[in-house]
Amino acid sequence: MSDTKQDRYFVAVSPGTAESTVKKLKYHVNGQWLESKTSVYMDCFNPSTGEVIAAAPQCLAEEVESAIAAANAAYPAWADTPVSKRVQVLYRMKYLLDKNLEELSHLLAFEMGKKWDEAMGDILKVTEVVEFACGAPHLMKGESLMNVSNGYDTVLYRHPVGVFAGIAPWNFPAMIPHGWMTPICIATGNCMVLKAASFVPQSSMRMMELWQEAGIPDGVINLVTAGRNEAEILLRHPDIKGVSFVGSTKVGLHIYTTASANGKRVQALTEAKNHALVLRDCKLERTARGIINAFCGCAGQRCMALPTIVVEEVIADELVALLKTFAEEINLGKAYEKETGMGPVVNRGHLQFVLDWIQTGIEEGATLLVDGRQPKVPAGCEGGFFVGPTIFDHVTEEMSIGREEVFGPVLCIKRVKNFEEGITAMNNSRFANGSVIYTQNGYYAREFAKRTDAGMVGVNVGIPVPLGIFGFTGHKQSFFGDLHVMGKDGFAFFTESKNVTCTWFSEEELQTGKVDTWDGTISSMPTS
């Protein structure tokens with residue numbers, strides 16, 4: 001294990017060089033930070049100002065393959081390490097996450113654009129799953145039954161699988177690669193090759209340094225940044241046994257079909273268009289504030305955002321007026337300044353993507369109630385990638401703005417007559433990540449929880465993300481695979497079961513030498 005004080009994730013600059021110099025980033029294989037031989041680097045920005053802050057390598061195919069080889073070489077010894085010893089690394093990682101919380105939060109806000117408390121939440125969600133994965137000695141326990149048949153006992157063990165690939169998105173650069181993907185993977189005895197998002201790799205790289213400091217053996221976790229062609233290696237390489245992915249539905253479906261066709265287990269978490277049903281008996285002002293938080297939080301760049309509400313017509317005008325007022329109160333600013341109410345989106349390309357969707361909503365005939373284009377920003381943010389809260393009213397089922405994922409601070413309001421019309425409209429979506437109901441009526445809350453297609457349901461909870469002890473259970477075209485991230489599903493995904501059945505011969509059996517067709521494993525075989 002290398003000394004992270006000497007071996008950093010970026011190329012050191014000469015003494016006296018200005019601090020504003022763009023960092024040239026490395027990749028991590030077998031315990032070492034290495035400078036890529038590639039000639040292609042991707043610019044990384046400070047979204048709050050638009051300034052380039054780093055350059056991430058598009059690692060060469062042989063560099064990606066070297067990461068796989070390092071993980072494969074490290075796997076036998078790590079898998080054979082007792083689970084109680086493996087989790088000691090996670091205990092130390094939890095300590096380091098707590099110790100470095102402020103630094104990590106600032107770095108994430110600086111490179112991704114989440115405001116301060118959102119960035120800190122991204123880090124704390126890593127800690128949450130690390131703590132859960134520390135329970136591996138209990139959660140990996142199998143099952144057993146003595147005398148399953150006369151004289152026969154069966155024990156089920158859970159074993160690690162091998163090397164996994166984690167393909168991380170840019171919107172949660174800490175929580176997803178180092179929370180959802182890595183802790184359970186390594187706690188169960190597997191090794192990991194992480195492909196960090198090239199837009200925002202530094203948070204993931206800094207966490208890789210902390211894993212080193214926590215004592216992870218060389219090769220158990222490896223980290224690269226790469227283009228699509230090089231990432232494709234992770235889907236086809238025979239030494240990769242499984243793939244965990246978060247990103248777009250188009251790419252997720254490709255990863256699922258390609259990797260599974262190559263014999264790998266896959267969990268692919270993809271897009272969403274979460275809806276909330278707002279009933280007439282809701283606590284109106286608190287509901288409005290919850291909706292504002294849910295669609296503006298992280299500037300709408302999360303698959304559990306709340307981009308669409310379905311509201312009963314009888315209260316729609318009053319709710320819309322509150323939403324307009326609260327949205328216009330939000331102050332934009334630098335993500336890493338604690339007084340900021342909402343930060344920028346991640347980069348210029350995504351800003352244009354969101355702006356194009358706003359234009360689409362206008363062209364489709366939705367009523368633009370709050371226009372977030374060209375928002376007022378503080379001095380120093382003029383070059384940042386900002387779009388303010390945007391609200392469309394009178395959105396219909398025919399409008400794509402109300403069906404497709406915008407991934408920005410854009411809210412669509414659909415008006416319905418009653419509960420039945422509302423839940424029908426929600427279930428018409430091809431996505432089924434999260435859904436929410438705002439009501440004080442227990443009957444409708446229960447009916448909603450039972451009948452909604454979504455896998456994560458909130459009753460008066462705008463962002464119903466479960467804790468790490470539960471799975472992240474998206475459905476329909478929000479998920480491709482069989483086992484979800486985190487929770488019991490997470491442990492099942494990263495392990496395979498092995499049943500061991502044994503018997504010990506009695507003197508009578510040794511003398512007769514008789515063996516039936518099923519070798520004694522049918523307990524209900526009639527006697528002649």
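Student: Which residues lie nearest the centre of the largest pocket, and how many residues line it?
Tutor: In this predicted model, the lining of the largest pocket consists of 38 residues, and those nearest its centre are Trp170, Arg228, Gly247, Ser248 and Val251. A residue counts as lining because it has an atom within 4 Å of a point of the pocket. The space in this pocket comes to about 1300 Å³.

Student: Which helices and strands each supply at least two residues of that lining?
Tutor: Helices α8 (228-236), α9 (249-261) and α12 (348-364) do, and so does strand β11 (240-246). Sorted by class, the lining of the largest pocket holds 19 nonpolar, 11 polar and 8 charged residues.

Student: What is the volume of the second largest pocket, and which residues are the closest to its centre?
Tutor: The second largest pocket has a volume of about 710 Å³, and 21 residues line it, with Asn150, Glu509, Lys514, Asp516 and Gly520 the closest to its centre. Helix α16 (residues 507-512) provides the largest share of this lining, namely 3 residues. The classes here are 6 nonpolar, 10 polar and 5 charged residues.

Student: Why is β11 described as largely enclosed by the rest of the structure?
Tutor: Buried means under 20% relative accessible area, and 6 of the 7 residues of β11 are buried, so the strand is largely enclosed by the rest of the structure.

Student: What makes β11 a paired strand, and which strands are joined to it?
Tutor: Two strands pair if there are at least two bridges between them. Strand β8 (residues 163-167) is joined to β11 by 5 bridges, and the two run parallel; here Val163 has Ile240 of β11 as its bridge partner. Strand β12 (residues 265-269) is likewise joined to β11 by 5 bridges, again in parallel, with Ser244 partnered by Gln267 of β12 and Val246 standing opposite Leu269 of β12. The chain passes from β11 through α9 to β12, and this β-α-β crossover is right-handed.

Student: In what sense do β12 and β22 pair, and over how many bridges?
Tutor: Strands β12 and β22 (residues 479-481) pair in the antiparallel sense over 3 bridges, which meets the requirement of at least two. Within this pairing, Ala268 stands opposite Phe480 of β22.

Student: Which members of the largest nonpolar core touch the most other members?
Tutor: That core has 107 residues, and Leu97, Trp180, Trp211, Ile216 and Phe472 are the ones that touch the most other members. Helix α4 (residues 116-133) gives the most to this core, with 9 residues. Apart from it lies another core of 46 residues, which include Ala288, Ala316, Val354 and Phe392.

Student: How do you know whether Tyr152 is buried or exposed?
Tutor: The cut-off for buried is under 20% relative accessible area, and Tyr152 has 10% relative accessibility, so Tyr152 counts as buried. Tyr152 has its place in strand β7 (residues 152-160). From C-alpha to C-alpha, Tyr152 and Phe353 are 63 Å apart in space, and they are 201 residues apart in sequence.

Student: What is the phi of Asn460, and why is Asn460 called partly exposed?
Tutor: Asn460 also has a positive phi, near 60°, in a residue other than glycine, and its place is the loop between β20 (456-459) and β21 (475-476). Buried means under 20% and exposed over 50%; Asn460 has 30% relative accessibility, and therefore counts as partly exposed.

Key. Residues numbered from 1 in each chain as written. Predicted model: local features only at pLDDT ≥ 70, side-chain atom pairs only at ≥ 80, totals over all residues. Heavy atoms only, no water. 1 Å grid on protein atoms, 1.4 Å probe; cavity = no way out; pocket = protein on both sides within 12 Å on 5 of 7 lines; lining within 4 Å. Points joined across faces, edges and corners; volume = space filled by probe spheres on them. Helix = DSSP H or I, 4+ residues; strand = E, 2+ residues; numbered from the N terminus. Nonpolar A, V, L, I, M, F, W, Y, C, P; charged D, E, K, R; others polar. Buried < 20%, exposed > 50% of the residue type's maximum accessible area, 1.4 Å probe, protein only. Right-handed = clockwise from strand over helix to strand, strands pointing away. Core = buried A, V, L, I, M, F, W, Y, C linked by side-chain atoms within 4.5 Å.
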